[in-house]
Amino acid sequence: MLKRAWLAVLRGNWKLYSGVYLGFTLLFYLVSMVINPLVTRGHGWLYSADFFAELRDAHLITWGGYQLLYASGTSLVAPPLGPLSLTPLAMFSSLFGFVEPFPIPFPRPQVLFITIPYLAIFATFFFFAVRRFTSRFGIRKSLLLEIGVTVVASFVLMPWGHTEDVAAMAFALLGFVALSKNNYRSASYLFGVAVAFQPFALLFVVPSLLILVYKGRESLVALIRTATPAFVVYIPLLLTSPISTVETMLHQDNFPSVDHLTVVGLAIKGPSRFIAAGPPRLLLVLVVLGVSIYIRYARRDSIRSYGEVFLIVALLSAGRVFFEPVMVPYYLVPTLVYLMLAGVFFGDHFKVRTIALLVASSIEIFLASLRLGPVAYSVFVYLGVLAISAISTTWYLRATLEAEVLRQSIEPYRYGGRDDFDDFSNLPSRRSRFRVVPNEARIDLDDVAPGGIVGGLDS
């Protein structure tokens, strides 16, 4: 797995990635140090208190206090791989003697000069993962989609500063690409890193593995491998401070006075000082697990392509929006990212549809940032997500009916362990899905970009 990843890095388009990194660095500087003072008519720069709270925990790790993350009274709720990924930045910050604006905020923290380029690293890595995804599944040049999706994902970085969410989405996409190549071991560990960064990646990982891995034993092994990275990062905490760690993982306090109370939170506890988000989130994971098992054993034979699996996963991931008692606008981003990326499987009007989804996602994020009452807020957010999901699904189904999706399968969709595909494809129930494409005359092979339908590395 590491060898393939290293080869992918060596063969990457360095001019493109350097441009993306520089572009997002300048964009974050512009938003924080220019646009925010103009909009707020003040002198303060825009930054995230959450980010510097995690950076404080990264300092704790560099001082040898990893086992104290959940027991030191820091109120850390984020998974430990988030602060671990910030330890290089914590070292640089200490080296240069920067003062960080936490827990006491101040207008112009000089540490932003090294923080913003560090945030851009995560944006560039996410762009790399998206590029791998589109080069694997796309049939055309899709730079517009790749940049647009990365811009939406970067809302999590600036202004929210949650690097772990962006990293989790990136590793989830890389795992899906590996899974489509039947590299179950690589896919499992990539998925595992995604879950270790952000447990909500389970909404993406569980259905992907249960639908795409055919044999029961192989799927069980894949799930165990997926759990390994999270187990590794949590075991020191569970051994040294088990009670505080388990309580933090299960309780996960959210604060309606700071963020946005939803009808779920209103039904659970009303406008309280804090609401435990852990129980409804755990319920959501169980619901997604149940739906995934149902699809695996009752509906899997009707699935025709990786695009259909990806769309199912995107729609299941949208469940988080409807289970959160207290909403933060960036909670919407994974769902919007996956629904936008489903556009790589669409047929006609690719650019127009990409721009439409980008605009719709931007409007939805804006609506999720408004200060409204719980009922009105929930109506706006829920209807927005439902509308974007319906539009994306309708476009996908229309492309399927026109036989545009079937030709975009990277390799004939098959379940793991069946190497003799010729014999397998002769089964009558599979012929129309894999080897016989309706309306073959409609397929314009000249429209297929080099490397598009066979996947491969960036060049």
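Helix H7 buries Leu 145, Glu 146, Gly 148, Val 149, Thr 150, Val 152, Ala 153 and Ser 154 in this predicted model. Helix H7 covers residues 143-154, twelve in number. Its first and last C-alpha atoms lie 16 Å apart, close to the expected 16 Å. The cover over its buried residues includes helices H2 (14-40), H6 (112-137), H8 (163-180), H17 (333-341) and H18 (350-368).

Two of them are edge-to-face: Tyr 17 with Phe 128, and Phe 176 with Phe 310.

| Aromatic pair | Centre to centre | Angle between planes |
|---|---|---|
| Tyr 17 and Phe 128 | 5.9 Å | 65 degrees |
| Phe 176 and Phe 310 | 5.4 Å | 70 degrees |

Tyr 17 belongs to helix H2 and Phe 128 to helix H6, so this pair links distant parts of the chain, 111 residues apart. Tyr 17 counts as buried because its relative accessibility is 7%, under the 20% limit. Phe 128 is also buried, with a relative accessible area of 17%.

The other pair links distant parts of the chain as well: Phe 176 sits in helix H8 and Phe 310 in helix H15 (residues 306-317), 134 residues apart. Phe 176 is buried, at 0% relative accessible area. Phe 310 counts as buried at 0% relative accessibility.

Phe 176 and Phe 310 belong to one aromatic cluster with Phe 133, Phe 137, Phe 191, Phe 204, Tyr 306 and Tyr 338.

Arg 320 meets two rings. Its charged end sits over the ring of Phe 200, 3.7 Å from the centre. The charged end of Arg 320 also sits over the ring of Tyr 331, 3.9 Å from the centre.

Conventions:
Residues are numbered from 1 along each chain as its sequence is written. This is a predicted model: local features need pLDDT of at least 70, side-chain atom pairs count only at pLDDT 80 or more; totals for chains, interfaces and linings use all residues. Side-chain values use heavy atoms; hydrogens and water are left out. Helices (H or I, at least four residues) and strands (E, at least two) are DSSP runs, numbered from the N terminus. The expected span of a helix is 1.5 Å times one less than its number of residues. Buried means under 20% relative accessible area, exposed over 50%, partly exposed in between (1.4 Å probe, protein chains only). Contact means heavy atoms within 4.5 Å. Rings of Phe, Tyr and Trp (its six-membered ring) pair if their centres lie within 6.5 Å; planes under 30 degrees apart count as stacked, over 60 as edge-to-face and the rest as tilted. A charge sits over a ring if NZ of Lys or CZ of Arg is within 6 Å of the ring centre and within 35 degrees of the ring normal.
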